[in-house]
Amino acid sequence: WGRLLGLRLGAKVVRIDGGRDMGASVEVEVAGTKQRMTYTAELMPLSGQRMTEEVVSVDLPNPLGRHDFPLEMRRNILVTYLDDEVMIIRDESGVPDVMVRQTGVADDDEEAMDDDGAVIGEDPMSSDAA
């Protein structure tokens, strides 16, 4: 339905630091204007395959800016596949998110999240990932 409103999603990037701190960003194009939206969250392990993600803050385009998330927003995540390069997770909806590790991302790149090759995922199903 977003395409009917002139909304297009670009590359999605996820960063996991230290196994607990998470940041995610997506480039959104609305009426020909590209803007980046991000959020930070905490991951809390429940078992070897299950975890919860709790959103801590959101960073929206101007004039809204960065804000701590005023409500508790939490979702359960199940890791259904994991190796050195790929991680596949599913939330309560069952729709898979496929994340591919990217290494060697420049430190000055906006999307570079850490120096040691933490999981940085890009949605391979998006039109910009090919």
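This is a predicted model: local features need pLDDT of at least 70, side-chain atom pairs count only at pLDDT 80 or more; totals for chains, interfaces and linings use all residues.
Analyst: Two strands are said to pair if DSSP finds at least two bridges between them.

User: What makes strand 1 and strand 2 a pair?

Analyst: Strand 1 (residues 7–17) and strand 2 (residues 21–30) are linked over nine bridges, in the antiparallel sense. The requirement is at least two bridges, so the term applies. The two strands form a hairpin with three residues between them. In the turn, Gly18 has a positive phi of about 65°.

User: Why is the contact between Glu54 and Arg74 called a salt bridge?

Analyst: The N to O distance between the side chains of Glu54 and Arg74 is 2.7 Å. The cut-off is 4 Å between a side-chain nitrogen of Lys or Arg and a carboxyl oxygen of Asp or Glu, so the contact qualifies. Glu54 belongs to strand 4 and Arg74 to strand 6, so this pair ties together parts that are 20 residues apart in sequence. Arg74 is partly exposed, at 43% relative accessibility.

User: What makes the contact of Arg75 with Asp91 a salt bridge, and which parts of the chain does the pair tie together?

Analyst: The closest N and O atoms of Arg75 and Asp91 are 3.0 Å apart, and the limit is 4 Å, so this pair also meets the criterion. Arg75 lies in strand 6, whereas Asp91 lies in the loop between strand 7 (86–90) and strand 8 (96–100), so the pair ties together parts that are 16 residues apart in sequence. Arg75 is partly exposed at 22% relative accessibility, and Asp91 is likewise partly exposed at 22%. Elsewhere, salt bridges that share partners join Glu27, Lys34 and Arg36 into one network.

User: How do you know that Lys34 and Glu27 form a salt bridge, and is each of them buried, partly exposed or exposed?

Analyst: Their side chains meet at 3.9 Å, N to O, which is within the 4 Å cut-off, so the name holds. Lys34 has a relative accessible area of 56% and is exposed, because the threshold for that class is over 50%. Glu27, at 25%, counts as partly exposed. A search of the whole structure finds eight salt bridges.

User: Why is Glu53 assigned to its accessibility class?

Analyst: Glu53, in strand 4, has a relative accessible area of 3% and is buried, because that class covers values under 20%. Glu53 and Met73 are 20 residues apart in sequence and 8.3 Å apart in space, C-alpha to C-alpha.

User: What makes up the largest nonpolar core, and which elements give two or more residues to it?

Analyst: The largest nonpolar core has twelve residues, including Val14, Ile16, Met22, Leu43, Ile77 and Met99. Such residues must be buried and joined through side-chain atoms within 4.5 Å, so membership rests on both conditions. Strand 1, strand 2, strand 3, strand 6 and strand 7 each give two or more residues to this core.

User: What lines the second largest pocket, and how do its residues divide by class?

Analyst: The second largest pocket has a volume of about 270 Å³. Of its 14 lining residues, Gly19, Met51, Val79, Leu82 and Met87 are the closest to its centre. By class, the lining has nine nonpolar, four polar and one charged residues. Strand 3 (33–45), strand 4 (50–60) and strand 6 (74–82) each supply at least two lining residues, and strand 3 gives the most, with three.

Technical notes: Residues are numbered from 1 along each chain as its sequence is written. Side-chain values use heavy atoms; hydrogens and water are left out. On a 1 Å grid over the protein atoms alone, a cavity is a set of points where a 1.4 Å probe fits but cannot get out, and a pocket is an open set with protein on both sides within 12 Å along at least five of seven lines; lining residues have an atom within 4 Å of a point. Grid points are joined across faces, edges and corners, and a volume is the space filled by probe spheres set on the points. Helices (H or I, at least four residues) and strands (E, at least two) are DSSP runs, numbered from the N terminus. Ala, Val, Leu, Ile, Met, Phe, Trp, Tyr, Cys and Pro count as nonpolar, Asp, Glu, Lys and Arg as charged, and the others, Gly among them, as polar. Buried means under 20% relative accessible area, exposed over 50%, partly exposed in between (1.4 Å probe, protein chains only).
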